[in-house]
Amino acid sequence: MPEPKTIHIAAAIMKDGKGRLLLVRKRDTAYFMQPGGKIEPGESAQSALIRELREELNLELSPEELTPLGEFTDIAANEPGHLLHASMFSTERCIQEVRPAAEIEEILWLSPSDISSRQLAPLTANKIVPHVWPSSV
């Protein structure tokens, strides 16, 4: 069996004033996930994330507002047979208003009580939710 291909992305853990986690769903997909996207050749993970947040959510963040959290890997939600390797960042900025743009179809503010009722991407469900809310899993 061939090794699965790996998709490299940069993504962000972002919360609002109520402590809810910002998730997005791309057009023609079912899974909610962290905002972010693929890292282009020659682009740093941080630069990729800043670009993706601008393109997909009309959100401007500076490099100083992003704190690296580490690398997370899981099964890709929307690309069968692929792994997803995410360079994850967080921001202390309380995110209030975001508007879906580009390929983003829907925005979700997830609270711990909503976890079981939403279709979360594997990386979000298995790695990010336990990181953000250890007692909820």
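Biologist: Why is Glu-103 called partly exposed?

Modeller: Glu-103 has a relative accessible area of 32%, and since buried means under 20%, exposed over 50% and partly exposed in between (1.4 Å probe, protein chains only), Glu-103 therefore counts as partly exposed. This is a predicted model, in which local features need pLDDT of at least 70 and side-chain atom pairs count only at pLDDT 80 or more, while totals for chains, interfaces and linings use all residues. Residues are numbered from 1 along each chain as its sequence is written, and side-chain values use heavy atoms, with hydrogens and water left out.

Biologist: What makes the pair of Glu-103 and Lys-26 a salt bridge?

Modeller: The closest N and O atoms of Glu-103 and Lys-26 are 3.8 Å apart, and a salt bridge is a side-chain nitrogen of Lys or Arg within 4 Å of a carboxyl oxygen of Asp or Glu, so the pair qualifies. Lys-26 is partly exposed, with a relative accessible area of 22%.

Biologist: How do you know whether Arg-25 is buried or exposed?

Modeller: The relative accessible area of Arg-25 is 15%, which is under the 20% limit, so Arg-25 is buried. Its salt-bridge partner is Glu-106, with the closest N and O atoms 3.0 Å apart. This pair links distant parts of the chain, with Glu-106 in strand S6 (residues 104-110) and Arg-25 in strand S2 (residues 21-26), 81 residues apart; strands are DSSP runs of E, at least two residues, and helices are runs of H or I, at least four, numbered from the N terminus.

Biologist: Which class does Asp-16 fall into, and which does Arg-20?

Modeller: Asp-16 has 9% relative accessibility and counts as buried, whereas Arg-20, at 26%, counts as partly exposed. Their side chains meet in a salt bridge at 2.6 Å, N to O.

Biologist: What makes S1 and S3 a pair of strands?

Modeller: Strand S1 (residues 5-13) and S3 are joined over three bridges in the antiparallel sense, and two strands pair if DSSP finds at least two bridges between them, so S1 and S3 meet that condition. Within this pairing, Ala-10 stands opposite Gly-37 in S3.

Biologist: In which order do the four strands of the open sheet stand, and why are S3 and S4 at the edges?

Modeller: The order is S3-S1-S5-S4, with mixed pairing. Strand S3 (36-38) and strand S4 (67-75) each have a single partner strand, so one side of each is left without a neighbour in the sheet.
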